[in-house]
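Me: I have a model open and want to talk through how it is put together. Can you go through it with me?

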Amino acid sequence: FWTLACSEGSLTGVVGQNNRPKNDFILITSGQFAGGGNEGLCSSAFDFVTAWVPQNPPEFILDKKGGAQLRFPGFKMTPLEDIEKPPGQHEACTALSNGIKGAFPLSNSLQQLVVSYTNVKMHLAADHGAECGSRAGHSPFMSATFTFTSEGQEVEVVNFLH
C-alpha cells in the first residue's frame, strides 16, 4: 500500500556490562527519525511524522558471531495533517515487534560497527488507524542500517575469528 523511508535517525543508548551474559546489551533510552528536511517527517506517498514508540525498553544485543537483535522496536506514523490536533484525535499507524534479527560484518581488523536489518517482519498494533491501509494482523517489513557512534566518534570493533 505504501512505503516509508527515513534518511536519518538517531537512537541513544547506554552500553550494559560487557562479558556478562545477562547484561551484554545496549539499552536504548531515546530515538527520533527524520528525512526530507523536517524532524520526524519521512519520505512517503503520504506525509507521516515518524516517532520511536517502543512498548518495552528497547535494546540492541550483539553477539560474537555477528548477530544483532533489536528487541522491542516500535514506530508510530502519524499523518502530518493530524499533528496539531488535540491528544486522542490523532490517527496513527504503529508497527511493532518483540525482536528483529540483523547482522554486522565480522573481521580480524578494526572496522566501524554497522548493523543491518533486511526485510524483517513487524506487526501492526491492534489499534492502528485507517492510514495503515490494511487490516489488523498485517505484517509490514522493515529494512534499516544503524551506524554506531559514541560522542560523535565512530565505534570500531574487531572480532577475532577462530
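Me: Let's start with F72. Is it buried or exposed?

Reply: F72 is buried, at 16% relative accessible area. Buried means under 20% relative accessible area, exposed means over 50%, and partly exposed is in between, with a 1.4 Å probe and protein chains only. Bear in mind that this is a predicted model, where local features need pLDDT of at least 70, side-chain atom pairs count only at pLDDT 80 or more, and totals for chains, interfaces and linings use all residues. Residues are numbered from 1 along each chain as its sequence is written, and side-chain values use heavy atoms, with hydrogens and water left out.

Me: Fine. Where is F72 found?

Reply: F72 is in the loop between β8 and β9. Its backbone has a positive phi of about 60°, although F72 is not a glycine.

Me: Which other non-glycine has a positive phi, of about 45°?

Reply: That's N119, with a positive phi of about 45°. N119 is placed in strand β13, and at 53% relative accessibility N119 counts as exposed.

Me: Let me zoom out. How many helices and strands are there in the chain?

Reply: Zero helices and 18 strands. Both are DSSP runs numbered from the N terminus (helices are H or I with at least four residues, strands are E with at least two). Of the chain's 162 residues, 33% count as buried.

Me: And what share of the contacts joins residues at least 24 apart?

Reply: 58%, taken among contacts between residues at least 6 apart in sequence. Contact here means heavy atoms within 4.5 Å.

Me: Salt bridges next. How many does a search of the whole structure find?

Reply: One. The criterion is a side-chain nitrogen of Lys or Arg within 4 Å of a carboxyl oxygen of Asp or Glu. The side chains of R71 and E59 form it, at 3.3 Å from N to O. This pair links distant parts of the chain, with R71 in strand β8 and E59 in strand β7, twelve residues apart.

Me: Is E59 buried or exposed?

Reply: E59 is buried, at 15% relative accessible area. R71, by contrast, is partly exposed at 27%.

Me: What is E59 in contact with, leaving aside neighbours within four places in sequence?

Reply: F25, I26, L27, I28, Q69, L70 and R71.

Me: In what sense do β7 and β8 pair?

Reply: Antiparallel, over four bridges, with β7 at residues 59-62 and β8 at residues 67-71. Strands pair if DSSP finds at least two bridges between them. E59 has R71 as its bridge partner in β8, and those two also make the salt bridge. The hairpin of β7 and β8 has four residues between the strands, and G66 takes a positive phi near 90° there.

Me: How many bridges join β8 to β11?

Reply: Five, and the two strands run antiparallel. Q69 has K101 as its bridge partner in β11.

Me: Which residues of β11 are on the covered face?

Reply: I100 and G102 are on the covered face, while G99, K101 and A103 are on the uncovered one. In a regular strand, side chains alternate between the two faces of the sheet.

Me: Where is the place of N98?

Reply: N98 is in the loop between β10 and β11, and it is exposed, at 55% relative accessible area. Apart from neighbours within four places in sequence, N98 is in contact with R71 and F72. The C-alpha atoms of N98 and N56 are separated by 8.8 Å, although the two residues are 42 apart along the chain.

Me: Last topic, the core. How many residues are in the largest nonpolar one?

Reply: 25, and F60, Y117 and M142 have the most contacts inside it. Elements giving two or more residues to this core include β3 (26-35), β13 (114-121) and β15 (141-147). A nonpolar core is a set of buried Ala, Val, Leu, Ile, Met, Phe, Trp, Tyr and Cys residues joined through side-chain atoms within 4.5 Å.

Me: What is M142 in contact with, leaving aside neighbours within four places in sequence?

Reply: F75, I100, Y117, T118, N119, V120 and M122.
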